[in-house]
Number of protein chains: 2
Amino acid sequence: MRIAILGTGLIGASVGLAIRARQPDAVVVGYDREVRFAAAAHRAGAITEVANSPVEAVRDADVVVIATPVLAIEKMLEAIAGAVKPDAVITDTGSTKAQVMDWARKHLGEHKGFVGSHPMAGKTESGPMAADAALFEGARWVIVPPVTASERSIDSVTNLATLLGATPMIMDAAEHDAYVAAISHMPMMASTALFTVARASEAWPELSLLAAGGFQGMSRLAGTDPAMAYDIAVTNRANIAHWIGRYIVALEELRRRLVDSEKDDDLYRVIAATELEHIKYSAGKVGREEQTNERIDSATDMMQDFIAGGWLREKLNEAKLEAGRRVKEDDNRIGRRDI
Amino acid sequence: MRIAILGTGLIGASVGLAIRARQPDAVVVGYDREVRFAAAAHRAGAITEVANSPVEAVRDADVVVIATPVLAIEKMLEAIAGAVKPDAVITDTGSTKAQVMDWARKHLGEHKGFVGSHPMAGKTESGPMAADAALFEGARWVIVPPVTASERSIDSVTNLATLLGATPMIMDAAEHDAYVAAISHMPMMASTALFTVARASEAWPELSLLAAGGFQGMSRLAGTDPAMAYDIAVTNRANIAHWIGRYIVALEELRRRLVDSEKDDDLYRVIAATELEHIKYSAGKVGREEQTNERIDSATDMMQDFIAGGWLREKLNEAKLEAGRRVKEDDNRIGRRDI
């Protein structure tokens, strides 16, 4: 088995490490535009050979994984088109998919081996030094098969995701791009905007001293590698813009509730209801709860009911009682003492 | 030394644990409206005695720490006004300060012992079970002395902050409330809005499955205890609304750059510049860099230059080069190959 990894940054090197941890005899050839990235991936044991060009890397490869930032994927596809074996399986790990599927169609034509993919895992840190063989464990791995793809290639990419500890989810490119705009790309932009607002303030020297875990967490994604963030932005513009718009509407609603003290009950209900939903989400209530035939989900639910159920129920009841008490207190806030 | 803690949730119980870790013979009396919270704090060793009322707790106390959610602070001040010793030192840990200072003036009158405060530390988890003796270590602790406060009370509260491992920062209530709106309260609201946007979507079952670390981090503050979040909101409305407004403007600007492909260079520059600033912030570049007489800051700077300096410089240069390359690439994107 000969695997080529084009782009040996965080994701590429993690794929290499994860494969080699499970199949120590796999030959993993790596290429990176930055020679020192390929060298670092080699030193880390993520790849077994360094190639000097994409063409050299993919020649004789059974599996090709393109793990560059999105805009570089087209160059890679174009470069390898004439060199890749007819029966090779080719995938990418790009954060947006519609654009990548177009490029693959354009450059690989009818090649049956190409299947797009996107492992939903990452870190703010970039580069091969941050690579981790366990990066994909427990993550979802979106698989986007074009009509040209053979069953065998789809199976191979699905198996790769499973081998690396991820759960594969097949969907189409448009669906994928709309979903990740909501839960990954818009939040990244929201984090950037939040950091710039504080950073641009004249009070930044004081703000930066006072900022604690809350601000650090909310601004963390502003530290995303700019090459990656920019490529995502320009290949998923419309979806991200749509979700930023929805986000602005939600912020405006919250602000309206906040400034009007007559809407305090309403404000409390929104805050409390959101926290309840967040508790459920944090406790692992994800996916369609009615899909009882999905083994993983129902197992998760059972586990969660078993472990967190009692506490969750208690917390829900408590919050409901508290919400009721607040509303009552609001009616006769003055003149009452229950301390 | 007899210390009374009113409200034995996360902050109150952490204050108790931190004091007892440093002064094992201190008598710490705790009161909480929720009897089981006081009992849990007692079991955890955060308090040495459980009181049945605020009055019982503060009688004979040398130091009183009010650590309830903000709206309950008024009730506490009102309750203890007649019972607290004339030479007791009284402080609170409320997240907003202007309102608390008003209540203290109203209920404690000319008592020289009251000094407001706000330790800038916390967790999303609440309650005495989440308490941590090290919670305040390395944090800033804002001290807000009213004109009525004696030197001795100001010193006592400052010493308490230092004893618990925090760095005291003296400021006035209005300043405090404006600053924390920017770096704590607005980000909390931003997190709530971000979570509600995704949660309210019909695609939530899919979104919740795909959401990875980025979304989890950005929505974490939506899990803030609603009593605490609500109290903060209604006692710091104008400041929070102001910062939500600035945040919306920043999001709109980012969206404008995103949808107009002619502004791509500009978009890249904003993303890259923000990341550079974020790297500096993450590396500990906070406060006024020109304040060379602040020993702690300059020590931090030296450490950081020593440890992260080389890497940081490299990253800055790299990003500048990359930005230059991008802009050039943009001019002749078609027809060029440099892979």
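Author: Happy to. In this predicted model, the largest nonpolar core has 207 residues. Those with the most contacts inside that core are A:Val64, A:Ala190 and A:Tyr247, together with B:Val64, B:Ala190 and B:Tyr247.

Setting aside residues up to four places away in sequence, B:Ala190 touches B:Tyr247 in its own chain, and from chain A it touches A:Ala190, A:Leu194, A:Met218 and A:Leu251.

That takes us to the contact between the chains. Chain B gives 90 residues to this contact and chain A gives 90 residues. On the side of chain B that touches chain A, the elements giving two or more residues are α4 (70–80), α7 (173–199), α8 (204–210), α9 (213–219), α10 (226–235), α11 (237–259), α12 (264–282) and α13 (295–331) of chain B. The largest share of that side, 18 residues, comes from α7(B). By class, the side of chain B that touches chain A has 56 nonpolar, 18 polar and 16 charged residues.

How do the two chains relate to each other? A rotation of 180° with 0.0 Å of shift along its axis superposes chain B on chain A, with an RMSD of 0.0 Å. The two copies are thus related as by a two-fold rotation axis. In chain B, the C-alpha nearest the axis belongs to B:Met218, at 2.7 Å from it. The copies also meet through the same surface, because 100% of the interface residues of chain B are interface residues in chain A as well.

Helix α7 (residues 173–199) and helix α11 (residues 237–259) of chain A pack at an angle of about 65°, and their axes are 8 Å apart. The crossing of α7(A) and α11(A) is right-handed. On the α7(A) side, the residues that meet α11(A) are A:Asp177, A:Ala178, A:Ala181, A:Ala182, A:His185, A:Met186, A:Met189 and A:Ala190. Their partners in α11(A) are A:Asn239, A:Ile240, A:His242, A:Trp243, A:Ile244 and A:Tyr247.

Helix α10 (residues 226–235) of chain A is mostly covered, with nine of its 10 residues buried. Among them are A:Met228, A:Tyr230, A:Asp231 and A:Ile232. Over chain A, buried residues make up 51% of the 339 residues. Of the contacts in chain A with a separation of 6 or more, 74% are between residues 24 or more positions apart.

Back in chain B, α4(B) is largely enclosed by the rest of the structure, because nine of its 11 residues are buried. These include B:Val70, B:Leu71, B:Ile73 and B:Met76, as well as B:Glu74 and B:Lys75. The buried residues of α4(B) pack against β1 (2–6), α3 (54–58), β4 (63–66), β5 (89–92), α5 (98–108) and α10 of chain B.

Notes: Residues are numbered from 1 along each chain as its sequence is written. Chains are lettered from A and ligands numbered from 1 in the order in which they are written. This is a predicted model: local features need pLDDT of at least 70, side-chain atom pairs count only at pLDDT 80 or more; totals for chains, interfaces and linings use all residues. Two residues are in contact if their C-beta atoms, placed from the backbone, lie within 7 Å. Helices (H or I, at least four residues) and strands (E, at least two) are DSSP runs, numbered from the N terminus. Ala, Val, Leu, Ile, Met, Phe, Trp, Tyr, Cys and Pro count as nonpolar, Asp, Glu, Lys and Arg as charged, and the others, Gly among them, as polar. A residue is buried if 20 or more other C-beta atoms lie within 10 Å of its own, exposed if 12 or fewer, and partly exposed in between; C-beta atoms are placed from the backbone. Copies are superposed by least squares on the C-alpha atoms of residues with pLDDT of at least 70 in both. A nonpolar core is a set of buried Ala, Val, Leu, Ile, Met, Phe, Trp, Tyr and Cys residues joined through C-beta atoms within 7 Å. Axes are lines fitted to C-alpha atoms, for helices over the stretch in contact, and angles run from 0 to 180 degrees between N-to-C directions. A crossing is left-handed if the near helix is turned anticlockwise from the far one by less than a right angle, and right-handed if clockwise.
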